[in-house]
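User: I have a model open and would like to go through its side-chain interactions with you. Could we start with burial and charge?

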Amino acid sequence: MENKGLCETCVNDKDCTFSRKFPVWQCEEFSDYEPTAEKTNSSADR
């Protein structure tokens, strides 16, 4: 599908098991949040 709506930017798109009729405009499971690795400054710990 060309226009997937929210699914286009959802981090759960590949693993989603909900039945979808595109385009999706609202979803209770939608998440575009991807945690980033914490940066640590090892020289500050010394």
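Analyst: D13 counts as buried because its relative accessibility is 18%, where buried means under 20% relative accessible area, exposed over 50% and partly exposed in between (1.4 Å probe, protein chains only). This is a predicted model: local features need pLDDT of at least 70, side-chain atom pairs count only at pLDDT 80 or more, and totals for chains, interfaces and linings use all residues. Residues are numbered from 1 along each chain as its sequence is written, and side-chain values use heavy atoms, with hydrogens and water left out.

User: Which residues does D13 touch?

Analyst: Not counting residues up to four places away in sequence, D13 touches K4, C7 and R20; contact here means heavy atoms within 4.5 Å.

User: And how many salt bridges does the whole structure have?

Analyst: The search finds 2 salt bridges, each defined as a side-chain nitrogen of Lys or Arg within 4 Å of a carboxyl oxygen of Asp or Glu. D13 forms a salt bridge with K4, with the closest N and O atoms 2.5 Å apart. The side chains of D13 and R20 also meet in a salt bridge, at 2.6 Å from N to O.

User: Is R20 buried or partly exposed?

Analyst: R20 counts as partly exposed, at 26% relative accessibility.

User: Changing topic: how many disulfides are there?

Analyst: The structure holds 0 disulfides, a disulfide being a pair of cysteine sulfur atoms within 2.5 Å.

User: What about C27?

Analyst: For C27 the closest cysteine sulfur is also in C16, at 6.0 Å, which is too far for a bond. C27 is partly exposed, with a relative accessible area of 36%.

User: Which residues lie nearest the centre of the largest pocket?

Analyst: C16, F18, R20, C27 and E29 lie nearest the centre, out of 16 lining residues. A pocket is an open set of points on a 1 Å grid over the protein atoms alone, where a 1.4 Å probe fits, with protein on both sides within 12 Å along at least five of seven lines; lining residues have an atom within 4 Å of a point.

User: Finally, what does F30 touch?

Analyst: F30 touches L6, T9 and C10, leaving aside residues up to four places away in sequence. F30 is partly exposed, with a relative accessible area of 28%.
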